[in-house]
Amino acid sequence: MEVKLAKTAGFCFGVKRAVDTVYEQARQRKERLDAGEENVPDIYTFGPVIHNEEVVKDLEKKGVKVLRSEEELMELWEGHVIIRSHGVGKTVYDILEKNNIGYTDMTCPFVKKIHDIVKRESEAGKYIIIIGNPEHPEVKGIRGWAGNRVSVIESEAEAREFCLGNTELKDESDNKICIVSQTTFNYNKFKYLVEILMKTRYDISVLNTICNATKERQTEAEHIANEVDAMIVIGDKHSSNTQKLFEICKKACENTYYIQTLDDLNMNQLKLKSVEAVGITAGASTPNNIIEEVQNNVRLNF
């Protein structure tokens, strides 16, 4: 049986950079403690460093703690905080500086660029539209730089509802809009929602801020899914980019399976479907060791 592994599967640049930094700081902290050094600060991440339970649990074993909210951060008066690749809103930086907490900013450069864009465009008087999932930490962070005049749009229904009229944009002299996107949003869906929004009377500027790595990952996954009998998508259930990979692959290949680890994969189910070719891809938060374990076991069992 043929196994096709996507070249783009696994950690993207921003995630790898953040994860490597947390592991390195945890290692350095352990060395200082083992050397008998006192007052070594605890290490925290603001939110899980990535959407992958296996990695987060491993880091917890190494002493890295997770802050889940701004309220928890406000209660912190010592330690060192690592800002994950998803980025955060301005209020998080304000709290860190007010409480004099040291931090390492590992916001993905592509996400940081969006922060700069929405801050600049908002200060210039433009209304900001973020196309993405309003509950995703990246989108929450972007929104935190966009001022008060901002909307998050994820669906066709929301786009059409916005077109019916926004109470904050009734003044014809104040109808300029800037549209940006969550970096991991589906590119085709982004284009479709923009087409809907462009039919309004507003003066709209569109900035496609979807990460190139995301587009490449989605394009490659769709291509492989069209060529195989079964497709395996590996990633955490809370990973936005993995969910979108699954949706894309499922449209191209009905026998698409979404797993977090090898334990979730039912080999017998694949065998019963007379599979001759299997494709494998993975989200940007999936470590290489999990991908390799799945790939090797699929090869050995067929």
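User: Is Asn 39 buried or exposed?
Analyst: Asn 39 counts as exposed, because its relative accessibility is 77%. Exposed means over 50% relative accessible area, buried under 20%, and partly exposed in between (1.4 Å probe, protein chains only). Bear in mind that this is a predicted model: local features need pLDDT of at least 70, side-chain atom pairs count only at pLDDT 80 or more, and totals for chains, interfaces and linings use all residues. Residues are numbered from 1 along each chain as its sequence is written, and side-chain values use heavy atoms, leaving out hydrogens and water.

User: Where does Asn 39 lie?
Analyst: In the loop between helix 1 (13-34) and strand 2 (43-46). Helices (H or I, at least four residues) and strands (E, at least two) are DSSP runs, numbered from the N terminus.

User: What is phi of Asn 39?
Analyst: Near 55°, which is positive in a residue other than glycine. Asn 100 also has a positive phi, of about 55°, and is not a glycine. Asn 100 sits in the loop between helix 4 (90-98) and strand 5 (102-105). Its relative accessible area is 69%, so Asn 100 is exposed.

User: New topic. Which residues touch the most other members in the largest nonpolar core?
Analyst: Ile 232, Ile 234, Leu 265, Val 294 and Val 298, out of 29 residues in that core. A nonpolar core is a set of buried Ala, Val, Leu, Ile, Met, Phe, Trp, Tyr and Cys residues joined through side-chain atoms within 4.5 Å.

User: Which element gives the most to this core?
Analyst: Strand 10, with five residues. Elements that give two or more include helix 9 (212-225), helix 10 (240-252) and helix 12 (288-300). Another core, of 26 residues, lies apart from it; Ile 117, Val 139, Ile 142 and Ala 146 are among its members.

User: And the whole chain? How many helices and strands?
Analyst: Twelve helices and twelve strands. The radius of gyration is 22 Å, close to the 19 Å from the globule rule for 302 residues, so the chain is as compact as a globular protein of that length. That radius is taken over C-alpha atoms, and the rule is 2.2 Å times the number of residues to the power 0.38.

User: What does the C-alpha trace span?
Analyst: About 65 × 60 × 25 Å along its principal axes.

User: How much of the chain counts as buried?
Analyst: 51% of the 302 residues.
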